[in-house]
Structure formats: structure tokens, C-alpha cells
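Please keep the sequence and the view side by side as you read.

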Amino acid sequence: MEQAPPDPERQLKPAPLEPLGGPGAVLEAAAGEETEGTREDSSGVDTMTGNDFWLKKIEISVSEAEKRTGRNAVNMQETYTAYLIETRSVEHADGQSVLTDSLWRRYSEFELLRNYLLVYYPHVVVPPLPEKRAEFVWHKLSADNMDPDFVERRRIGLENFLLRVASHPVLCRDKIFYLFLTQEGNWKETVNETGFQLKADSRLKALNATFRVKNPDKRFTELKHYSDELQSVISHLLRVRARVADRLYGVYKVHGNYGRVFSEWSAIEKEMGDGLQSAGHHMDVYASSIDDILEDEEHYADQLKEYLFYAEALRAVCRKHELMQYDLETAAQDLASKKQQCEELATGTVRTFSLKGMTTKLFGQETPEQREARIKVLEEQINEGEQQLKSKNLEGREFVKNAWADIERFKEQKNRDLKEALISYAIMQISMCKKGIQVWTNAKECFSKM
Amino acid sequence: MAGGPPKALPSTGPHSLRDMPHPLAGSSSEEAMGGDSTPSPDLLMARSFGDKDLILPNGGTPAGTSSPASPSSLLNRLQLDDDIDGETRDLFVTVDDPKKHVCTMETYITYRITTKSTRVEFDLPEYSVRRRYQDFDWLRNKLEESQPTHLIPPLPEKFVVKGVVDRFSEEFVETRRKALDKFLKRITDHPVLSFNEHFNVFLTAKDLNAYKKQGIALLTRVGESVKHVTGGYKLRSRPLEFAAIGDYLDTFALKLGTIDRIAQRIIKEEIEYLVELREYGPVYSTWSALEGELAEPLEGVSACIGNCSTALEELTDDITEEFLPVLREYILYSDSMKSVLKKRDQVQAEYEAKLEAVALRKEERPKVPADVEKCQDRMECFNADLKADMERWQNNKRHDFRQLLVGLADKNIQYYEKCLMAWESIIPLLQEKQETK
């Protein structure tokens with residue numbers, strides 16, 4: 001099995017890059033399940049025939065983050081963080097990995113990549129990026145983008161993003177994505193040359209379509225509703241969780257005061273002194289244990305946030321459908337009106353309002369030749385229109401089919417991931433309870449020796 | 001009989017000694033049990049305590065019958081209170097059965113005091129009377145008056161500082177009952193105080209008010225004499241050992257005060273945490289309604305958080321009702337002890353002043369005048385009593401605080417055990433593979 005040469009078009013022939021390692025076992029499992037077996041490429045745009053599978057597997061990691069200074073677009077000095085992306089190919093047999101590519105990217109380049117993917121794969125629920133600015137922070141967490149903890153969590157989030165893309169059966173084959181991982185210089189220009197920004201649907205158009213579309217696929221309407229609700233409920237959850245974390249922090253930290261006062265008290269006691277002193281030490285341990293506990297919980301919050309942002313991606317697919325459907329409806333309407341016009345001209349009845357009709361009334365009847373000419377033009381337009389409608393219909397149906405397939409894939413992924421997240425959250429809570437029991441049991445022992 | 005509807009008055013009217021049957025006069029107690037209406041005293045046989053329904057506005061459960069399911073709490077209930085001295089006791093006093101009395105002028109609570117004793121000072125082997133806080137307050141004052149050289153245990157606070165607390169709430173009454181019970185038990189355990197006449201009357205008299213009005217001064221010799229010590233004498237310096245006690249009590253009260261504030265702060269933080277948890281849990285429920293496969297897991301998490309919230313509420317209630325009152329009791333204790341120390345200083349000051357006066361008179365009498373001798377006597381008695389009481393107090397304090405802090409640790413352990421159980425029980429639910437869909 002050889003590796004096919006890079007396709008001049010944006011799609012590549014080689015098999016999807018199988019990610020290994022990464023932030024969670026979840027992705028490995030997801031990737032494994034998706035790439036094993038014969039997954040039909042459902043993009044419909046470029047049919048994949050004769051997939052060449054690489055024997056080697058690919059490892060992607062965002063391994064480092066570095067502060068840089070440079071000049072921005074308006075030639076002002078700015079500080080930003082750059083992330084090192086390393087790609088390794090892993091030999092099947094011995095599991096050894098060889099570094100094949102390594103380059104630095106900043107967050108804005110990730111954004112560019114994602115925007116490109118959104119335009120060219122509108123039927124795909126495109127994985128989201130980690131948040132641009134820290135939100136849902138509880139007081140101890142910094143909201144500063146330069147804060148090392150934030151940078152670290154962002155690094156993990158970016159890696160997660162790349163792994164999600166790499167494990168997506170359609171997205172992984174994209175050339176721009178491939179270049180993102182392999183071509184450091186000039187990549188931005190290459191992306192922009194695709195002219196994807198021009199192809200993007202305007203927000204206004206999308207909004208217009210949302211209000212005016214008459215017959216959208218019910219499933220998409222429901223899905224949009226679901227994604228709105230999901231976004232709302234996860235936001236709420238994250239907000240309250242942050243407050244809960246804040247309060248819990250307070251409870252634990254105040255216990256540290258016990259440590260101090262027990263120590264002071266033990267100084268005036270004879271037999272009780274030792275017991276008090278050592279119990280006080282345990283109170284200090286208790287108070288300081290909260291830092292690690294809450295740090296772990298941030299990981300859970302990040303998992304929730306990913307799906308908060310995924311809701312937006314879901315909505316984008318729904319909007320695209322509405323747009324296409326509206327487009328189709330408009331074209332059909334247009335065609336119908338032209339047909340009617342034509343009919344009226346042919347039969348001489350005027351039911352529809354037309355400029356020509358008006359001018360005819362004002363300036364006199366037209367000649368039969370003029371009428372014939374007009375009919376001919378209209379018939380041509382009608383023909384064209386019918387062709388267009390046919391292709392739009394096809395397009396629309398293809399879109400619905402492909403989008404829905406990806407949505408089903410997404411649903412499974414979401415259920416899996418969130419279940420895992422809840423399990424790990426429960427495990428965190430269990431660990432916290434056990435630590436609490438341990439500390440207080442130790443303290444109790446000290447007290448009983450007083 | 002006690003156990004029926006609340007009576008208007010705690011006592012059943014004054015009885016003369018002649019009306020009271022002789023303890024050996026047959027089955028009078030059984031007759032009394034039978035609920036006859038003869039004017040015989042209200043004697044009660046040994047009854048099971050703690051299982052009676054309290055007639056309280058909220059109808060609560062009697063003390064000590066809570067049933068947390070966690071292992072450590074079960075263990076604790078099996079542990080018996082250790083007998084401090086291990087000596088055979090001949091006097092047992094219990095405070096229980098609070099009842100609300102509604103009269104035209106006021107509403108108040110009475111408690112049943114049950115006494116069992118083989119001491120000769122008690123005419124009968126058992127007594128049961130009802131007393132209110134006022135009566136306890138009276139008793140304490142009388143003890144302070146009549147036994148000024150001894151440390152008198154504190155009463156729970158008389159007035160409720162925070163206007164928010166309901167004087168008749170189950171929690172408040174129970175907290176107070178426990179404190180009053182502790183108060184009487186401490187007196188019972190004291191080798192001198194337990195034989196005090198006022199104490200005896202408190203435990204046994206049918207009509208305490210009548211006795212109070214009589215104002216019979218049954219003062220001991222020391223008490224009488226100490227009463228007459230005016231505040232005119234100033235002590236030059238406290239002997240080292242009493243100075244040390246004074247310093248200790250100062251620091252002790254200070255540290256307890258700090259612990260009280262910390263505990264209150266913790267409760268405040270825990271309550272705020274609870275408020276957030278109560279909002280947090282239901283959001284998972286809301287989410288669950290949107291989902292298909294995830295519905296059950298999310299609902300499970302919601303229920304779990306709810307359980308943890310309840311456990312937390314129980315913890316904060318426990319600390320408020322059981323931990324804080326004891327702390328405050330000891331702060332009051334050390335305050336009253338400091339004033340006893342001052343009284344001792346007075347006695348010593350009087351002695352030293354009189355001694356000095358004698359020396360200045362430059363009389364060549366080798367023998368010391370009688371009144372100076374008396375002062376010396378008084379002082380030495382006082383010192384001895386106080387030293388003995390301090391030692392006893394230190395022992396009790398150690399025992400009490402050990403119990404208190406072990407109890408605090410236990411409550412926290414129970415809280416975490418409840419939460420642990422909740423979270424562990426949903427793991428299988430979360431891991432369950434959904435067959436449908």
C-alpha cells in the first residue's frame with residue numbers, strides 16, 4: 001500500500017490519519033471505531049474511490065506553548081502565544097514513532113483553519129476550538145489569556161481540536177488541514193487563495209432564510225431547537241458550577257484557621273496539647289487539598305465547554321439547510337411565476353402583474369413578433385430555471401443526507417463523550433469524599449488521644 | 001400523669017409532709033402509676049426515657065433517636081459514656097421531656113427532672129419533678145451564694161441573642177435541654193455541690209416556688225462568712241499557682257472564642273455552598289429532559305447532588321446544635337471561674353490586711369488573734385476547694401473536649417460517607433449500556 005501523491009484538489013486520497021494518544025482515551029476509542037471498518041465517505045462532493053490505507057498511524061500533539069512578540073497587521077507590537085504542533089508516524093509493528101513534521105501555529109491560525117472547514121464542509125458538525133477568552137471562571141482562576149494555567153488548558157483544547165478533525169472521516173482528508181500540519185510558511189496565503197471567504201454565506205442571508213423558509217426538514221428544525229436548549233443549559237451549568245467551586249474553596253480554606261488556633265491552644269495545654277497540635281496539622285492538610293481537587297474539576301468544565309461550542313456547530317449545519325431550502329423555495333417560486341407569465345402571454349390573459357403588461361397598457365399593445373420574442377426568452381429562462389431547480393433539489397437532498405449522517409455520528413460521539421465526562425466527574429467526587437474521610441479520620445484519631 | 005397533655009402548672013400544689021406516704025408503705029408507687037386521682041404525690045417508676053413523644057409545636061423526635069446510616073455513627077452509638085471516676089454512683093439525675101405551657105401571662109417550657117438516689121439525704125429513692133429555666137437560674141445563684149469557694153457549672157445562655165432564633169423551636173429546646181442536663185450532671189458529679197441543700201430541694205420539692213419564697217438560708221459556715229467579705233481589700237499579688245490558673249483561663253477563653261468564630265464562619269460558608277448546590281443539581285435535571293440516551297445518567301447525577309446537599313444540611317445543623325453550644329458553655333464556665341478566682345483574691349486580701357494590721361499594732365503577743373485565724377482558715381479552705389475543683393475541672397474539660405472534637409470529626413466523616421455512597425451508587429448507572437435507541 002503506497003501513499004498516493006497529494007491531490008491537486010482539496011481532497012486527498014490517503015486514508016484518514018489515525019490519532020493516537022491525546023488528552024483522553026475517548027478520542028482514541030472514537031477514532032478507532034470510526035477508522036476501522038469501511039466507512040463510506042459521505043461528503044458527496046468528492047467521491048472516494050480506491051482508498052489507500054497507510055500502514056502507519058499518525059500521532060498529532062500540541063506539545064508546547066511559547067510566548068512570542070511580533071508585529072501585527074497594523075504594525076503594532078503585540079504578545080501572543082504560539083503552539084508547537086508535532087506530527088509523528090508510528091510504525092505498526094514496533095510502535096516506534098518518528099517525528100515527521102513540527103511547526104508553530106498561533107490561535108488565529110487555528111481559527112482560520114476552522115472557518116475554512118466551516119465553509120467547505122457545511123454539512124459537517126465541525127469540531128469547535130477552545131474558548132478564545134476565559135469564561136465561567138471562579139474567582140481563583142485567572143481570566144487572563146496569558147495566565148499559564150489558561151495557556152495550558154488551551155494547549156490541551158487545541159490538541160483536542162486537531163485530533164477531532166483528524167478522526168473525522170471527511171475532514172481528515174482535507175488538503176488544507178494536511179498543510180496546516182505540515183507547511184509552516186505560506187499556509188495562510190494558501191488558505192486565502194481558496195477564496196473561501198467569498199464563498200461564505202453572509203449572516204444576513206442566513207438570518208433572512210431562517211425567518212422566511214416555509215418547508216424546512218422537520219428534523220433540522222428540531223435539531224436547531226435542541227442545540228439552542230443545549231447551549232442554554234450547559235451555559236447555566238457552567239456558571240453555577242463555577243459558583244459552587246468558589247464556595248467549596250471557601251469552606252476548605254476556612255478550615256485552615258482551625259490548624260492555627262489548635263496550635264496556639266495546644267501551647268497552654270498539658271495532656272491535650274499533642275492531640276490538638278497534630279489534629280491542627282490535619283486541618284491544614286484538609287485546607288490545602290482543595291487546590292488540586294478544583295484543578296481536576298476544570299478538566300470536567302472543559303469537556304462541557306467543548307459541547308457548549310459544539311451546539312453552535314450544530315446550529316450552523318441547520319442554518320445551512322435553511323438557507324439551501326429557502327434558496328430552493330425561492331427558485332421554485334421564481335420558476336412558477338415565470339411559467340405563469342409565459343402562459344399569460346401565450347393565452348393573452350393578464351393575471352399577473354408585469355412591467356411589460358403595464359407599459360403595454362400605457363403605450364399600446366405590442367406586436368405579435370414582440371410577444372413571440374418575449375415568450376421565447378421566458379421559455380429559455382424557464383428551461384434554465386428547471387435545470388437549476390433540479391440541481392438545487394439534488395444538492396439539497398444530498399446535503400440533507402450527508403448532514404444527517406454526520407449528525408448521527410455526532411450524536412453517538414456526544415453521548416459517549418458526555419457519559420465518560422460524567423463518569424470521570426463522579427470519580428473525582430468519590431476521590432474528594434475519600435480524601436475528606438481520610439483527613440477527618442486522622443483528625444479524629446488525634447482528638448481521641450487528647 | 002406525665003405524658004398526658006401539657007399542664008398549666010409544673011407542680012400539683014403544695015403538699016405537707018404528712019400527706020406523703022412513707023416510702024416503705026407498700027405499693028403506693030404502683031397505685032400512683034394506675035392514675036388514681038387521690039392527692040398522692042406524683043411518683044413515677046422507672047420509665048424508658050427518650051421514646052416519649054414530645055408535645056412540641058413541630059412534633060419532633062426525642063433526643064438521641066436520629067438514625068444516620070453511616071458505619072461510624074453506628075459505632076458511636078454503641079460506645080457508652082465513660083464513667084469519669086469509675087466510682088459507684090449513688091445519685092443519678094436526668095433532664096428530659098420538654099413541654100410547652102401556655103398561660104395567660106406567658107408561655108414557657110418545663111423539663112422533667114428525674115432523680116434516683118440511695119443517699120440518705122433523699123427521703124425517697126426516686127423523684128420526678130418539672131422545672132423551668134428560671135428554676136435552674138435560681139439554683140445556680142443559690143449555689144454560687146452558698147458554695148462560693150467552688151466552681152459552679154454554667155447554664156446555657158438565658159436570653160437568645162439573635163432575634164431570629166425561635167425559643168420554642170425543636171432544635172433550640174433540645175439544645176437547651178442537653179445543656180441543662182449537663183449542668184445538673186456536673187453538679188451531681190461534684191463531691192461537695194451534690195450534697196447542697198438547695199440542690200436537694202431543686203430535685204425533690206413539689207412546689208419550688210413556695211420554697212423560694214421562704215428564703216431559708218441554709219448557708220454553710222464558709223458561705224456565710226464569705227458573704228460578709230466586702231470588696232474593700234485589694235490583693236497585692238496573686239500566688240503563682242492561681243495566677244497561672246488565671247492566665248490559663250484567659251488564654252483558654254480567647255482560643256475558644258476564636259474557635260467559635262471559625263466554626264460560625266465555616267457554617268456560613270457551608271450554607272452558601274449549599275445554596276449553590278441546590279441550584280446546581282436541578283440543572284442536570286433540566287438537561288436530562290433534552291436528551292435521550294443521556295437522560296438517565298444526567299438525572300442520576302442530579303439526584304446524587306441532591307443527596308449530597310441534604311447531607312450537607314444535616315452537617316451544618318449538627319454543628320450548630322451540638323458543637324457551638326458546648327464551646328459557648330465552656331466560655332461561660334471560664335468566665336464564672338475567673339470571678340471565683342477574684343473572690344479568692346478577696347479572701348486572701350482580707351487575711352493579709354488583717355495580718356498586717358495585727359503586726360502594726362506591735363503587740364508582743366505570740367498568738368494570733370482569733371479573727372485573723374478565722375481569715376486564714378477561710379483562705380486556706382478556699383484555696384483547697386479551688387485547687388481541687390480546678391483539677392476536677394481540668395479532667396472534665398479534657399473529657400468533654402475530647403468528646404466534642406471527636407464528635408465534630410465524626411459528623412464530618414458521616415457527611416463524606418453519605419456523599420461517597422451517593423456517588424458510588426450512580427457509577428453503575430452511568431456505565432450502563434443503553435440497549436434501546
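B:C103 counts as partly exposed because its relative accessibility is 27%, where partly exposed lies between buried (under 20% relative accessible area) and exposed (over 50%), found with a 1.4 Å probe on protein chains only. A:C172, at 4%, counts as buried.

A word on the model: it is predicted, with local features needing pLDDT of at least 70 and side-chain atom pairs pLDDT 80 or more, while totals for chains, interfaces and linings use all residues. Residues are numbered from 1 along each chain as its sequence is written, chains are lettered from A and ligands numbered from 1 in the order in which they are written, and side-chain values use heavy atoms, leaving out hydrogens and water.

Next, have a look at B:S146, in helix α3 (residues 133-146) of chain B; helices are DSSP runs of H or I with at least four residues, strands runs of E with at least two, both numbered from the N terminus. B:S146 is buried, with a relative accessible area of 1%. Its side chain makes a polar contact with that of B:N196 at 3.1 Å. Such a contact is a pair of N or O atoms within 3.5 Å; within protein, one must be able to donate a hydrogen and the other to accept it, and residues adjacent in sequence count only if both atoms are side-chain atoms.

Now to the interface, where 56 residues of chain B meet 54 residues of chain A, contact meaning heavy atoms within 4.5 Å. About 5,400 Å² is buried between the chains, 75% of it from carbon and sulfur atoms; this is the accessible area (1.4 Å probe) lost on putting the two parts together, summed over both. B:Y280, B:W287 and B:Y416 supply 13% of the area that chain B buries against chain A, more than any other three residues.

Across this interface there are 9 salt bridges, each a side-chain nitrogen of Lys or Arg within 4 Å of a carboxyl oxygen of Asp or Glu. One salt bridge joins A:K444 and B:D410 (2.7 Å, N to O).

| Element of chain B | Residues |
|---|---|
| α8 | 240-290 |
| α9 | 295-360 |
| α10 | 370-431 |

The largest share, 24 residues, comes from α8(B).

Finally, chain A has 11 helices and 3 strands, and buried residues make up 47% of its 450 residues.
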